[in-house]
Amino acid sequence: RARARQLGGGNQEEGMPRLVEEIAYEQWHRLLFARFLAENDLLMHPEGVSVSLDECAELAPEEGAGDKWELATRYALAMLPGIFALDDPAMHVRFAPEGRHRLEEIVTRLPSVVFTSDDGLGWAYQFWQSKKKDEVNRSERKIGGADIAPVTQLFTEDYMVKFLLHNSLGAWWAARHPESPLVETFDSLRYREDGTPAAGTFDGWPETAAEVTMMDPCCGSGHFIVAAFEMLYRMRMEEEGLSVAEAGDAVIRDNLFGLEIDPRCTQIAAFNLALSAWKTGGYRELPLPNIACSGIPVQGQLEDWVKLAGDDAALQRTMERLYHLFRNAPDLGSLINPAHIPVE
């Protein structure tokens, strides 16, 4: 009830449909992420070995789980503390058996290739939002608040992501490391007749990959973030002599940042980045990703925010302004710049 009131701006009745949707997506993402991990040999038993879904079925009785999916999602939750809020009461609500069975049937029927493809996660959310998107468009009502995400979510094709990153981050690297073997992998990078990158050399950017940061202000499923990760960890390996895992952890910690108005997409983006890091450097505990949801209104009281400023009057006024601004966070989607631009 308390969570429903939060989601409804203080009105439990208005918040209940959003709470139902939130719980439903939590249940769905547990199953979806567990299968992604299992199909990539990355679903980890607490003792540190990967297990398949068939092995989860064998282990379920002795570990007190109802079936393989309950155990698989339990393992997945333990691996993803930065993605699922384990102390959220909504996480402990269980579907009725028939509803849970329907979800399990859906995720089971999906072919394995979906879970081993590079863009499966990106397409997944857009597909599940298609019904809501059609409904909002047919209604012809003003788009705002909870309608913004399903209507505006678009998966960016791989060739677009490559072209933009290769001619920004790739051009920056090529200008400073023209002999690097990495340059040859930037197949979308364009050059002038004199051999310099057509997009320029980005002289105002930092000199090392460790100092470069990228912010995607509406990161969706993390397509740009994952593509930048693939470039940056190789750059840091070359510049700093790091291992694959060390470089991957450093990039997640230092280089990549993302905002997303939709909390469901925020989960997918964070998981997408973790999955890419584990695929390249093996399973290990990762730094928490710098990916946040900008579509969640602030909680708590104004006076608690102002207290954070201490005795600084100017900072108190700033905190008060921020509080009132972010109280309207679900309606800010139309104000977010849709460009995906690497920035210093």
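1. Helices α2 (residues 12–39) and α13 (residues 263–281) have axes that come within 11 Å and cross at roughly 15°, and are therefore roughly parallel to each other (angles under 35 degrees). Axes are lines fitted to C-alpha atoms, for helices over the stretch in contact, with angles from 0 to 180 degrees between N-to-C directions. Helices are DSSP runs of H or I of at least four residues, numbered from the N terminus.

2. This is a predicted model, in which local features need pLDDT of at least 70 and side-chain atom pairs count only at pLDDT 80 or more, while totals for chains, interfaces and linings use all residues. Residues are numbered from 1 along each chain as its sequence is written, and side-chain values use heavy atoms, with hydrogens and water left out.

3. In the contact (heavy atoms within 4.5 Å), E22, Y25, E26, H29, F33, F36 and L37 of α2 meet R264, Q267, I268, F271, L275 and W278 of α13. By class, this contact of α2 with α13 has eight nonpolar, two polar and three charged residues. Ala, Val, Leu, Ile, Met, Phe, Trp, Tyr, Cys and Pro count as nonpolar, Asp, Glu, Lys and Arg as charged, and the others, Gly among them, as polar.

4. α13 also packs with α11 (223–240). Their axes are 9 Å apart at an angle of about 30°, which makes α11 roughly parallel to α13. I225, V226, F229, E230 and Y233 of α11 touch N272, L273, S276, A277 and T280 of α13. The classes in the contact of α11 with α13 are six nonpolar, three polar and one charged.

5. How are α9 and α11 packed? D158, V161, L164, L165 and H166 in α9 meet H223, F224, A227, A228 and M231 in α11.

6. The second largest pocket holds about 690 Å³ of space. A pocket is an open set of points on a 1 Å grid over the protein atoms alone, for a 1.4 Å probe, with protein on both sides within 12 Å along at least five of seven lines; lining residues have an atom within 4 Å of a point. Of its 30 lining residues, D118, D158, V226, A227 and E230 are closest to the centre. α11 gives the most to this lining, with six residues.

Note on methods
Helix = DSSP H or I, 4+ residues; strand = E, 2+ residues; numbered from the N terminus. Parallel < 35°, antiparallel > 145°, perpendicular 65-115°, else oblique. Points joined across faces, edges and corners; volume = space filled by probe spheres on them.
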